[in-house]
Amino acid sequence: MKPLPPIHPPLVNASGILSYPEVFRAFEKAGACLGGYVTKSVGPVEKAGNENPVVVYSEEKDAPVLNSLALPTQSPDDWEKDLSTLRLERSRLIVSIYGGTPEEFAQVAERMAPFADALEVNLGCPNKVPGERTIMESIGQVPSLSGEVIRLVRAACEKPIVAKLSPNSDYLAVAEACLAAGADALGCGNTLGPGLAIDLTSRQPILAGTTGGVSGPALKPINLRMTYEAYARFQCPIIAYGGIAAWRDAVEYTMAGACVLGIGTAFLGKGTHESAALTRAIWEGVLAYLDGLSFPDLVGAAHGLSAPDLTHA
């Protein structure tokens with residue numbers, strides 16, 4: 001397995017949230033405490049995704065979040081132009097990719113690898129444009145197909161590969177197939193669902209795509225379990241996503257087995273400086289909890305096992 005690049009502090013943004021190069025630059029300038037940045041998923045062709053509204057979000061504490069973005073992306077040519085001029089001073093770049101076929105995953109990986117410190121392979125998205133037929137609905141639910149994607153991506157590039165799993169699946173079987181095919185780490189995991197929200201005034205579904213992936217606080221118990229079970233089975237590097245909004249969430253995921261922590265919906269409704277302050281508060285809280293111990297010693301602590309050095313932190 002190829003080690004993940006050093007990501008310190010071990011915090012990243014989740015793909016799809018504030019995940020374009022100009023945002024990364026703004027975050028670095030604002031002093032964000034992120035050791036890595038993850039791009040929006042890059043697909044084989046330009047795609048508009050769903051029209052607005054694409055997000056259901058409430059400022060009420062612990063309210064669920066739904067999105068039906070449906071993987072919008074600019075063209076690979078435009079991504080190459082943007083990423084070729086990106087200069088991160090302190091952080092690593094993880095490029096998220098997806099495709100319509102296993103071969104397309106490999107083609108995108110080959111084009112994006114020169115700009116990335118690692119690739120995150122998006123193996124499932126519950127969102128789609130109404131009427132769209134896409135393997136992204138099911139690819140992460142079929143171990144053999146997920147393994148084939150990773151095998152072709154592995155052949156196409158030398159960079160570390162993170163297989164981002166879907167909670168809508170037998171994710172341990174999918175993870176096993178991906179690791180056997182050449183994945184170096186797991187992403188635990190993507191959004192759940194899809195789910196539904198209805199507007200009480202119009203009496204219609206709120207999202208333009210009708211349904212959307214569930215994220216935020218409602219996702220945390222699901223992906224925390226995924227992280228725990230994946231670490232117990234494989235003891236491999238894990239990037240965890242889902243409802244991380246405070247240092248306590250980060251500590252829980254770390255003890256479950258994550259060596260890198262992704263922040264997503266906690267950024268919603270916040271400006272750049274407020275978001276940067278949130279990342280600092282989360283990491284400062286983790287350090288206070290550690291009370292002088294090293295972060296790697298906390299990885300997998302809930303299992304009662306000696307944690308391998310997976311983080312480079």
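In this report, contact means heavy atoms within 4.5 Å. The model described here is predicted.

**Around Ala 250**

Ala 250 has its place in helix α7, which spans residues 247–256, and this residue is buried, with a relative accessible area of 0%. Leaving aside residues up to four places away in sequence, Ala 250 touches Ile 244, Leu 261, Ile 282 and Val 286. One of these, Leu 261, lies 11 residues from Ala 250 in sequence, while the two are 6.6 Å apart in space, C-alpha to C-alpha.

**Helices α3 and α4**

Helix α3 (residues 102–112) packs with helix α4 (residues 143–156) at an angle of about 30°, and their axes are 8 Å apart. Because angles under 35 degrees count as roughly parallel, α3 is roughly parallel to α4. The crossing of these two helices, α3 and α4, is right-handed. The residues that make the contact are set out by helix below.

| Helix | Residues in the contact |
|---|---|
| α3 | Pro 102, Glu 103, Phe 105, Ala 106, Ala 109, Glu 110 |
| α4 | Leu 145, Glu 148, Val 149, Leu 152, Val 153, Ala 156 |

Sorted by class, the contact of α3 with α4 holds nine nonpolar residues and three charged ones, with no polar residues.

**Helix α5**

In helix α5, which covers residues 171–181, the residues Tyr 171, Leu 172, Val 174, Ala 175, Cys 178 and Ala 181 are buried. The buried residues of α5 pack against helix α4, strands β7 (161–165) and β8 (185–188), and helix α6 (220–234). Just after α5 comes Gly 182, which takes a positive phi of about 125°.

Definitions and conventions. Residues are numbered from 1 along each chain as its sequence is written. This is a predicted model: local features need pLDDT of at least 70, side-chain atom pairs count only at pLDDT 80 or more; totals for chains, interfaces and linings use all residues. Side-chain values use heavy atoms; hydrogens and water are left out. Axes are lines fitted to C-alpha atoms, for helices over the stretch in contact, and angles run from 0 to 180 degrees between N-to-C directions. Helices (H or I, at least four residues) and strands (E, at least two) are DSSP runs, numbered from the N terminus. Angles under 35 degrees count as roughly parallel, over 145 as roughly antiparallel, 65 to 115 as roughly perpendicular and the rest as oblique. A crossing is left-handed if the near helix is turned anticlockwise from the far one by less than a right angle, and right-handed if clockwise. Ala, Val, Leu, Ile, Met, Phe, Trp, Tyr, Cys and Pro count as nonpolar, Asp, Glu, Lys and Arg as charged, and the others, Gly among them, as polar. Buried means under 20% relative accessible area, exposed over 50%, partly exposed in between (1.4 Å probe, protein chains only).
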